Amino acid sequence: MKIQGLLYASALTLLLPLTLGAQEPPNCLSCHADKDLKKDLAGGKTQSLFVEQKDYLQSVHGSLSCTSCHTGITDAHPSDQPGKVDCGICHSQEVEAYKKSIHAQVFEADPATAPDCLSCHGTHQIQKVNTDKYKRATLDQCGQCHEDYKRTYLDTYHGKVVDLGETKDMPLCWDCHSAHEILPASDPQSNVSKERALATCLYCHKDATTKFAQYDVHSDRFSVKKSPIEFWTYLVMILIVCFAFGLWVPHTILWFVRDWLENRKKKKDSGSNPPSETGGGA
Ligand code: HEC
Ligand code: HEC
Ligand code: HEC
Ligand code: HEC
Ligand code: HEC
Ligand code: HEC
Ligand code: HEC
């Protein structure tokens with residue numbers, strides 16, 4: 001009786017994974033690892049449905065099953081309409097923050113111009129955010145749409161240090177602007193508004209004052225409208241340098257020419273009338 005029970009129990013444990021396996025959806029990659037799998041879109045275009053297994057397994061989501069994101073897949077697949085993935089199932093905090101941002105507002109009106117989760121993180125190759133590699137990549141990511149602000153950031157103290165390779169304590173775009181709840185500076189709720197900029201600086205500059213927070217971290221020496229003092233100082237310095245070099249270079253050239261002419265004349269004079277060995281006619 002005892003042995004029978006034991007056999008029964010072990011048979012059950014052996015069968016359990018098999019029965020569970022039978023309930024799993026079909027192995028998605030048996031079809032989606034095919035590089036040529038495509039879907040026809042309107043206007044004769046196609047969309048690749050290929051998923052690179054290696055990238056996927058190395059991503060932060062590599063241990064999740066495909067259907068934990070693609071919740072809409074049914075037995076009828078591929079004739080079903082699985083619908084869009086909702087990152088908020090697992091990242092509700094980020095989704096709520098993003099919904100309040102200017103990016104979400106603009107994205108809703110025109111998806112081509114503003115970023116959503118996928119523009120900044122990707123789909124099947126999403127990586128951890130606290131790595132040096134990702135942090136550096138965010139500069140180009142924000143910079144591809146905010147070129148002027150990337151340029152002015154790299155032109156001022158924080159950006160110059162980051163450009164030299166130090167990202168540890170230095171603020172990147174999102175340290176000041178936040179990553180998900182980005183708002184225009186004119187909105188009092190923005191991290192960089194007049195009301196809240198000081199708190200943002202205080203996060204790292206422990207004795208920052210209101211005056212310190214007014215330091216323009218995007219000061220632009222090429223814009224007379226945004227940074228008139230920097231613009232005029234830069235222009236005057238350039239003019240002084242141009243003026244100095246403009247005088248010095250021709251002056252030096254003329255000096256050489258004069259020297260050369262004088263030497264030639266001296267040689268000529270001494271050739272026709274050689275000085276006496278004894279020191280002249282004294
Ligand atoms: C038998 C092969 C096959 C299997 C297995 C399969 N798919 Fe697909 N899948 C397809 C084909 C074919 C399409 C294109 C359907 C179409 O043209 O609308 C597709 C489309 C998709 C799409 C895009 C839908 C859209 O309309 O944009 C997603 C997402 C997807 N599959 C996910 C999955 C997931 C997740 C699994 C595993 C649970 C899976 N597939 C299993 C063949 C397969
Ligand atoms: C972290 C969530 C997540 C996981 C896990 C995931 N996907 Fe996706 N997948 C997405 C998102 C986001 C899209 C973009 C379209 C959308 O929003 O539905 C997408 C799109 C797709 C597409 C349409 C083609 C494309 O690349 O846009 C296919 C096919 C697909 N996934 C298959 C898979 C398969 C197979 C797996 C498992 C190996 C998987 N997905 C796992 C989030 C995920
Ligand atoms: C404009 C670019 C951008 C958009 C849009 C964006 N993110 Fe992020 N996300 C970032 C950056 C940069 C970080 C790293 C900074 C941080 O941790 O605050 C990050 C961090 C994260 C993290 C890790 C948070 C942590 O504390 O470790 C998650 C999860 C995340 N994002 C999910 C999302 C989701 C979901 C969406 C869509 C609602 C989204 N992101 C939209 C840029 C973006
Ligand atoms: C089914 C749940 C689930 C869904 C849906 C999901 N994620 Fe994740 N996500 C996770 C888990 C689990 C981790 C790993 C957390 C960890 O390792 O600390 C993670 C990690 C991340 C990270 C890295 C966070 C870090 O700490 O560096 C980012 C970024 C991220 N997800 C973005 C997204 C985006 C964008 C989507 C939508 C396309 C999405 N996730 C959908 C479960 C999910
Ligand atoms: C795909 C393009 C795109 C990406 C990527 C992007 N943005 Fe934006 N961003 C926009 C658009 C569009 C607006 C709406 C205001 C506008 O027209 O300039 C905006 C608005 C802003 C604003 C408010 C300024 C204003 O004029 O309203 C800030 C601050 C901002 N983004 C910072 C960032 C940061 C920081 C990142 C990176 C983490 C980033 N953005 C990534 C397109 C983008
Ligand atoms: C040290 C903090 C800090 C960092 C780092 C920073 N910014 Fe800013 N940013 C500010 C402040 C403060 C303002 C508001 C004053 C101004 O416009 O110069 C601002 C303004 C902006 C605006 C215009 C906002 C508006 O509503 O007009 C954009 C866009 C922007 N930053 C993008 C970026 C991008 C992209 C990066 C990274 C390349 C970045 N910022 C890095 C603090 C920062
Ligand atoms: C994520 C941290 C961080 C944030 C946020 C930050 N800074 Fe800095 N900043 C630094 C570090 C680190 C240095 C290097 C010198 C130091 O330690 O003071 C620095 C240097 C500077 C310098 C030049 C050197 C000095 O100390 O005078 C100025 C000016 C400056 N920051 C202004 C600002 C302003 C204005 C803000 C707020 C809008 C701000 N920073 C926000 C980290 C930060």
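**Figure 1. The shell around ligand 4 in this predicted model****.** Sorted by class, the residues around ligand 4 comprise 10 nonpolar, 5 polar and 1 charged.

**Figure 2. The shell around ligand 7****.** Here we turn to ligand 7, which has 17 residues around it. Tyr-157, Asp-169, Pro-171, Cys-201 and Cys-204 come nearest to this ligand. If you follow the helices, you will find at least two shell residues from each of helix 10 (157-163), helix 11 (173-177), helix 12 (197-202) and helix 13 (210-213). Helix 12 gives the most, with 3 residues. The shell around ligand 7 is made up of 12 nonpolar, 3 polar and 2 charged residues.

**Figure 3. A cis peptide bond between His-77 and Pro-78****.** Have a look at the backbone here: the bond from His-77 to Pro-78 is cis, and its omega is near 10°. To place this view in the chain, look for the loop between helix 4 and helix 5 (92-99), where Pro-78 lies.

**Figure 4. Ser-178 and its positive phi****.** Ser-178 is not a glycine, yet its phi is positive, at about 70°. You will find this serine in the loop between helix 11 and helix 12; both of these helices supply residues to the shell around ligand 7.

**Figure 5. Residues 5-24, with the protein chain as context****.** Please read this stretch with care: pLDDT stays under 50 over residues 5-24. The model shows 0 contacts beyond four places in sequence for these residues. For the protein chain, the average pLDDT is 87, and 87% of the residues score at least 70. The chain has 14 helices and 2 strands, and 6% of its 282 residues count as buried. Among contacts in the chain with a separation of 6 or more, 37% join residues 24 or more positions apart.

Note on methods. Residues are numbered from 1 along each chain as its sequence is written. Chains are lettered from A and ligands numbered from 1 in the order in which they are written. This is a predicted model: local features need pLDDT of at least 70, side-chain atom pairs count only at pLDDT 80 or more; totals for chains, interfaces and linings use all residues. A residue is near a molecule or strand if its C-beta atom, placed from the backbone, lies within 6 Å of it. Helices (H or I, at least four residues) and strands (E, at least two) are DSSP runs, numbered from the N terminus. Ala, Val, Leu, Ile, Met, Phe, Trp, Tyr, Cys and Pro count as nonpolar, Asp, Glu, Lys and Arg as charged, and the others, Gly among them, as polar. pLDDT is the predictor's confidence in each residue, from 0 to 100. Two residues are in contact if their C-beta atoms, placed from the backbone, lie within 7 Å. A residue is buried if 20 or more other C-beta atoms lie within 10 Å of its own, exposed if 12 or fewer, and partly exposed in between; C-beta atoms are placed from the backbone.
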